[in-house]
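I record here what I looked up in this structure. The entries follow in the order in which I took them up.

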Amino acid sequence: MERRRREVLPLLALVSFLLASLMPAASPVAMAAGTTYYVDAAQGNDNASGTSATSAWKTLAKVNAVTFAPGDRILLKAGGVWSNQYLDLKGSGAGGSPIVVDRYGSGSKPMIHFGNTSVNGEGFGVRLRNVSYWEINNLEITSGEQPTDMRRSGVLVVGEGTGAGNFRHIYIKNIDIHDVFGTDRRTGGINFHARGTNTSVESTWDDILIENNTIVNVADTGIQTMTDAFSNSGWAHKYDAFKNVVIRGNYVEKIHRDGILVRAAVAPLIEYNTTNAIGNACSVNAGIVNYLDHIAVVAAQWAYYTTGAVFQYNEAFDTRKLEGDGQPWDFDIQVTGSVYQYNYSHNNQGGTLLVMNNTNDNTFRYNISENDFDGNGAFNLVNGGGNLYVYNNVIYRSGTQNQVLTHASDTGMAYYTNNIFYNGASGQYTNSPRMTYDHNSFYGLNASVPSDPNKIVGNPQFVSPNTATGRATADGYKLQSTSPLINAGAAVANNGGKDFYGNALYKGAPDIGAFEYPGSVTPPVTLLSDDFEDNDISDWTVSGGSWGTAMDGSVTLSQNTSAGEAVAYKGNGTWNDYTYSARVKLLTAFGNVGLLFRYVDNANYYLFRLNDSGDKVELYKKSGGTMTLLSSASCTVNPGQWAAMKVNVAGPSITGYVDDAKLVQWTDSSALLAGKIGIRMVSSTARIDDVKVVQ
């Protein structure tokens, strides 16, 4: 982790800025506020007006030569590729009138392949330098492997030098960044950086949204905010350089250093993100990229010098323990009053939670850790930390873990309450004057060791533990109706109001664990489970398309023809009420793919599908060969990115979920009441994995 230590524009700089604004600008000024500009890499012409698709500009250099105004839009043609070019954007929007970069036309996202280009020795796909009110959407950015050792970022937002100051409203959405390799920890996927020395103007940001981006195979860090105030005694904003920050729905994979790192922020919200393979995990040709930093310690999603952070509904797995650390979650140095809640972690080498020195009043609650490894134990609290509140979590271990499950610092107090420690491996518990246990569940080895006067020792009676394939499929950690942990916990004030699954707190006395029992819980019966690892799809019936298996992290079901209707189905026609879930990756831009259920034949079924044309999720019914749209909802669809889809059918009631969010609910007065399950797409290719049907 980072072990090192820049908002007010000085009056002189402000006066200089105002005087400069009255002078002619060096670069051309956009013609009028609210103008839309088009850029076509294949058919454009930089001598054209740029204000229509038929008079589009050609190069990004033409865009870079313009200073844009509030309300302007810069649209890059879908399917276009700009090689050895970059966007270095100028001008600022205004409140209610941001400047927008987006795509037009149909096809794949516009690609900026900035290669080995650089500005003042630094490479980037998109740069926003000393500007406000910009929204960047729907691009693909890469540099590829380059032999030159320098800083590179996919998207760089920087405040520095002349024009630095207090910036607002930077939104970065639906950007695919991959294969970008920089030389130090100030580089990577999406970087916000306040730069300068003690005598420079200090920069800050307010209103940042980083949403639904994919960042894969990047050095150094996936997503980060950074200020040089840590090394400048003349700068004031070590704790509040970034305000109103939301980092949501991003997928971050194969990262050289950290996954998502928020520094110097006030009340940032980090939610619905997934990190995978964090820490020395880039795939590069070392004969070309031979300059990556030596990495000693990493974490997946964490904060530094931050107050009031909320990390929730995130998933983290395969974080590497290098020379230390390796946890999914981390309250790092000078983090206070912050919360991790409703998160799911698994297979992280360093354990579950790191708590650094000079932290205080942080809370870890209603999280599930499934078979995180334990290079540092499940909880690693270094000396010098303050109070930590750990309650209603599930720590499940069934492998070879042998390090301690609990820990204490030498300062402050650690309070462990209402947690389930399922110790199916080995490892001890710590007892210390700097920690307390109250109403915890201990099961497995060493259950009698913790000094908990109200502990429950014995099987917690989970519904089906160790069966989750992601956060959306962690229902196995609910409690059976006969569990001794129901109504057996201690009340906790200011508990967030709901459990991991969204149930209100409390129903009766508090329950132990991440699930507040709402009523009767019947263990589900698994009707079908197929992860395709046997490469056998002979028991699937297919119609149309070209079906097979393909490697995509694991073996998946793959449909490879983008023409016509493709259907695959399986199961029993008598199945009536069930929950059907699968991970789905649409591969065709503006395509569609979905789950078939209560499938009778190709003329009678329901379909719950993702539709990239319009970013929607849709519920259809086909009856007697006629297809009818029953319901739809807005849903960001990201071709090339996995989505967890789930549909529940109970009599006439149908409920559809995407990535654990309930998006569609419908009651059909003339419902199809039974049938098989399947997959369907039209003029699209896709991959499917982890198919499961439970009743």
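**Basis.** I worked from a predicted model, in which local features need pLDDT of at least 70 and side-chain atom pairs count only at pLDDT 80 or more, while totals for chains, interfaces and linings use all residues. Residues are numbered from 1 along each chain as its sequence is written, and side-chain values use heavy atoms, with hydrogens and water left out.

**Entry 1, S132.** I located S132 in the loop between β7 (122-129) and β8 (134-137); strands here are DSSP runs of E, at least two residues, numbered from the N terminus. S132 is buried, at a relative accessible area of 10% (buried means under 20%, with a 1.4 Å probe and protein chains only). Its side chain reaches the backbone nitrogen of R168 at 2.9 Å. Beyond neighbours within four places in sequence, I found S132 in contact (heavy atoms within 4.5 Å) with residues including S92, G93, N166 and R168.

**Entry 2, strand β45.** I noted that eight of the nine residues of β45 (578-586) are buried. β45 runs antiparallel to β50 (643-650), joined by seven bridges (pairing requires at least two DSSP bridges), and A582 stands opposite M645 of β50. β45 also pairs with β54 (686-694) in the antiparallel sense over seven bridges, where V584 has I688 as its bridge partner.

Methods. Helices (H or I, at least four residues) and strands (E, at least two) are DSSP runs, numbered from the N terminus. Buried means under 20% relative accessible area, exposed over 50%, partly exposed in between (1.4 Å probe, protein chains only). A polar contact is a pair of N or O atoms within 3.5 Å; within protein, one must be able to donate a hydrogen and the other to accept it, and residues adjacent in sequence count only if both atoms are side-chain atoms.
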